[in-house]
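Thanks for coming, everyone. Please have a look at the structure on the screen, and I will walk you through a few of its details.

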Amino acid sequence: MADGAPQGLRYPWPEPPEHGTAVEVAEGVLWFRLPLPMKLDHVNIYALDDGDSWTVIDTGLDNGKTRRLWQEMMAGPLGGKPVGRVIVTHHHPDHIGLAGWFQSEFGAEVVTTRTAWLMARMLVLDVQETPLPETLAFYRSAGMDPELYQKRAGERPFNFADIVASIPLGYTRIQQGQTIRIGGRTWDIHMGNGHAPEHATFWSRDDNLVLSGDQILSSISPNVGVHATEPMADPIGEWLEACARLEPLARPDHLVLGGHKLPFTGLPTRMRQLIDNHHGALKRLLEYIDTPKSATECYAPLFKRKIGEGEYGLAMVEAFAHLSHLHQTGLATRTLRDDGAWVFQKA
Ligand SMILES: [Zn+2]
């Protein structure tokens, strides 16, 4: 650890930029915000100056408002210089939403991990008019509230394609251990995991910048959930493994540019917090399941606040992930209850 640098978290810019405007957070690095129509109501975008073009980190999701804002940003703070490259940290809609649009409309190169590209392209092509039986079975297995279950079963599900532009063939793959040149700097590429599989992060060799996507955020912990696509996944295990790999890279003077909330310094502290948060949650949960409980019966020890309908789905997949981690590491057993829910109990 470097001497004299702050050990706690600090936020050099207490206020985010207004939509359509930028804050220069380092030489040739612009920070933008785009709106999201959900409880987490924004995503951060970074544009790095590559001389005759810009490289953009993540894109926001695809809707008319975001496209209009991008046109404003390109004509305004980006000075009419083309976006030559889009680097996508992970496959979630708020990050990859307009990558295909930049590729097809502006000829930009799309750079991301193979898993992110495959996941996004698969999901964008897989349009469902009614919920799949596997999805409904997964909801039951997590113990979804019966009223909400009936509602979800009868309505058109959320589709990736609703908010992600179609993704043309052809992208450039990045992998763990490689380096990449962006904005006059050389960056080490390290893969995160748990929030999204093969989630790319970038660590500058030439100054103190880290582009962390959603792997490392300042004031919220990224959602780590199990989904119907892979009911036996252990994303908590993957998350903790990734944190253990990334923690030794962290320096107090790193300026962390994440996908949401504010840029910050004090990364070693934050890495410790992110790891401890999950260990704390697992410990509370294990005490709570002295009698068998489903995922939706475990919101109290995990979230310590009331979960509304808008957060119910995210809370459910996160609770299931924590219980499944206890199960898969031998600390809990699970049995199938009459209503189709897995109930977990301390072993
Ligand atoms: Zn995100």
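**Salt bridges, zinc and a hairpin**

Let's start with a contact: Arg85 and Asp50 form a salt bridge, and their closest N and O atoms are 3.1 Å apart. A salt bridge here is a side-chain nitrogen of Lys or Arg within 4 Å of a carboxyl oxygen of Asp or Glu. Arg85 sits in strand β5 (residues 83-87) and Asp50 in the loop between β3 (42-49) and β4, so this pair ties together parts that are 35 residues apart in sequence. Helices (H or I, at least four residues) and strands (E, at least two) are DSSP runs, numbered from the N terminus.

A word on the source: this is a predicted model, where local features need pLDDT of at least 70, side-chain atom pairs count only at pLDDT 80 or more, and totals for chains, interfaces and linings use all residues. Residues are numbered from 1 along each chain as its sequence is written, and side-chain values use heavy atoms, with hydrogens and water left out.

Back to our pair. Buried or exposed? For Arg85, the label is buried, at 14% relative accessibility. Asp50 is partly exposed, at 27%. The cut-offs: buried is under 20% relative accessible area, exposed is over 50%, and partly exposed is in between (1.4 Å probe, protein chains only).

How many salt bridges are there by this rule? The count comes to 17. Here is another: Arg67 with Asp62, closest N and O atoms 2.8 Å apart. Arg67 is partly exposed at 29%, while Asp62 is buried at 13%.

Next, Asp188 and Arg205. Their side chains meet in a salt bridge of 2.8 Å, N to O. Asp188 is in strand β9 (residues 185-192) and Arg205 is in the loop between β10 (199-204) and β11 (209-213), so the link spans parts 17 residues apart in sequence. Asp188 is buried at 19%. Arg205 is exposed at 54%. There is also a network: salt bridges with shared partners join Lys39, Arg305 and Glu311.

Now the metal. Which residues coordinate the zinc ion? They are Asp94 (OD), His95 (NE2), Asp214 (OD) and His260 (NE2), at 2.0 to 2.4 Å. Donors are N, O and S atoms within 2.8 Å of the metal (3.2 Å for Na, K and Ca); water is not among the atoms, so sites may look incomplete.

Why is the arrangement irregular? Because the 4 donor atoms subtend angles of 89 to 168° around the zinc ion. Four donors count as tetrahedral if all angles lie between 85 and 135 degrees; four count as square planar and six as octahedral if opposite donors are over 155 degrees apart and all others between 65 and 115; anything else is irregular.

Along the chain, the donor spacing reads D-H-x118-D-x45-H. Asp94 is in helix α2 (residues 93-96), and His260 is in the loop between β12 (255-258) and α8 (267-288), 166 residues away. Asp94 is buried at 12%. So is His260, at 3%.

Asp58 is not a glycine, yet has a positive phi of about 65°. Asp58 is buried, at 2%. Lys304 also has a positive phi, near 55°, and is not a glycine. Lys304 is exposed, at 63%.

Last, the hairpin. β13 (residues 332-336) and β14 (residues 342-346) pair antiparallel over 5 bridges. Pairing requires at least two DSSP bridges between two strands. Between these strands lie 5 residues, and Gly340 in the turn has a positive phi of about 90°.
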